[in-house]
Amino acid sequence: MTRTSALFINAHPYAHFNRGGTYILPTDEVDIHMVARKQVDGGAWGFAEHPLDHVALCDANDEDRWRDICAWTLRNHPISRVIAVHERAVLLAAEMRSAFGLAGMDYETGLRFRDKVRMKEAVRSAGAAAVPDFAALDTPEDLGKVDWSTGRKVIKSRLGLAAKDLYIVQSLEEARRLVDGLDLSHSHYEIEEFVRGQIYHCDSVVRDGRIVFHSVGRYLADPASYTPGGMFGTVLVGESELHKRITEVNAEVLAALGLKDGTTHLELFHSESGELVFCEVAARPPGGLIPPVIQAQYGFDIVEAQIRLDAGLDITLGSAPEPADGGGTSGFISFYPGGTGSRGIAPDRLAALGVVEHSTHRGAGNSSGGVRHSTDFLDSYVVKAPDDESLMRQMARIEEEYRR
């Protein structure tokens with residue numbers, strides 16, 4: 001029987017797929033041809049432990065070069081699947097599938113999950129969720145398409161990720177000054193109403209158009225508020241009326257956007273009036289430390305699930321695909337580089353604080369004292385606790401000891 005061959009478009013360090021001694025690329029089931037970012041950016045870090053036969057490395061910022069190498073690989077090898085788990089690779093993977101007639105998420109679907117204007121248009125048209133007032137921002141005149149009497153607005157990249165290229169403006173005059181310095185060509189930006197409220201996320205696994213797993217989490221800080229020395233994190237939300245409402249919105253949004261197989265990461269606001277307002281959704285696993293939190297709570301790796309779905313393989317959702325009574329709860333807390341004071345926790349203190357996984361990223365920051373994006377963490381701690389109250393206490397203790 002001929003083995004499946006897959007193109008793996010990888011924007012993560014290769015070591016990302018060997019977590020805790022578990023290697024999650026299915027090389028015993030699929031022949032993988034990897035196109036990854038160049039070695040200096042971590043594209044082959046950890047490669048020696050689990051080598052592949054077919055690898056190409058290139059500058060991750062040269063999208064045309066990435067596209068050319070992927071197309072050449074598909075033309076010259078009998079490849080039937082394309083794998084992508086990073087936001088920067090998902091749309092290119094969809095483009096390659098459409099261009100070469102391969103199974104999996106096609107380009108039009110991928111664009112609905114990436115372009116924030118197309119995304120909101122589809123969600124609003126289907127009546128899937130409340131959507132903030134928004135408009136494409138292609139010229140300075142487009143600033144007049146939103147109602148400035150309602151207060152501040154958000155200007156952000158239509159294809160952006162990790163809360164980069166995002167600006168909050170208080171007035172039309174401030175917005176005009178800002179866009180004077182932005183390149184508005186090529187439909188790069190949108191403007192939308194600023195929504196006041198708590199931000200939640202819902203992460204899903206979809207198989208044959210059906211949601212087979214979901215979890216809900218609450219962010220401890222606004223993803224767009226990352227600053228040197230700051231903190232970020234999330235805590236899982238147990239079964240409740242709010243949990244039910246969020247998963248219902250999630251199901252309506254995914255149906256409107258048309259995903260058949262894959263994983264998703266949806267973000268939405270719980271407004272001050274109690275309304276759930278759509279923010280955005282991605283057709284890939286959640287970023288940061290959310291996958292380890294899901295694994296700690298539910299017993300499976302959601303990144304591995306995406307890889308296997310892309311490869312056309314069966315998936316397993318672990319031992320606890322639904323929240324279980326008495327199963328406790330989980331979350332993570334992370335710290336950005338910079339700031340003052342002590343930065344770290346002694347390893348012998350981690351178990352007492354409920355930490356089940358600690359990761360450190362010595363390459364965090366931009367080498368000039370700044371933070372590059374919302375998941376540019378220096379130190380991260382995945383935490384388990386018997387209940388929500390205990391989890392928040394443990395996280396407060398972790399932050400106190402980390403900064404002591």
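The radius of gyration is taken over C-alpha atoms, and the globule rule is 2.2 Å times the number of residues to the power 0.38. For the 404 residues of this predicted model, a compact globule would have a radius of gyration near 22 Å, and the protein agrees with this at 21 Å. Along the principal axes, the C-alpha atoms fill a box of roughly 65 × 55 × 45 Å. The secondary structure comprises nine helices and 18 strands. Of the contacts with a separation of 6 or more, 67% are between residues 24 or more positions apart. Buried residues account for 51% of the chain, and the protein exposes about 17900 Å², of which carbon and sulfur atoms supply 47%.

Charged side chains number 42 positive and 58 negative, with the centres of the two sets 2 Å apart. Across the whole structure, 25 salt bridges are found. One of these joins Glu 108 to Arg 118 at 3.9 Å, N to O; Glu 108 lies in helix H3 and Arg 118 in helix H4, 10 residues apart. Within helix H6, Lys 244 and Glu 248 are four residues apart, about one turn of the helix, and their side chains meet at 2.6 Å, N to O. Lys 244 is partly exposed, at 43% relative accessible area, as is Glu 248, at 40%.

A further salt bridge links Arg 349 and Glu 401, with the closest N and O atoms 2.6 Å apart. This pair connects the loop between strands S16 and S17 with helix H9 across 52 residues. Arg 349 is partly exposed at 28% relative accessible area, whereas Glu 401, at 15%, is therefore buried, the cut-off being under 20%. Salt bridges with shared partners also join Lys 120, Lys 156, Glu 190, Glu 192 and Glu 280 into one network.

Key: Residues numbered from 1 in each chain as written. Predicted model: local features only at pLDDT ≥ 70, side-chain atom pairs only at ≥ 80, totals over all residues. Heavy atoms only, no water. Helix = DSSP H or I, 4+ residues; strand = E, 2+ residues; numbered from the N terminus. Buried < 20%, exposed > 50% of the residue type's maximum accessible area, 1.4 Å probe, protein only. Contact = heavy atoms within 4.5 Å. Areas by Shrake-Rupley, 256 points an atom, 1.4 Å probe, with all protein chains shown as cover. Lys, Arg positive; Asp, Glu negative; His and termini not counted. Charge placed at Lys NZ, Arg CZ, Asp CG, Glu CD. Salt bridge = Lys/Arg side-chain N within 4 Å of Asp/Glu carboxyl O.
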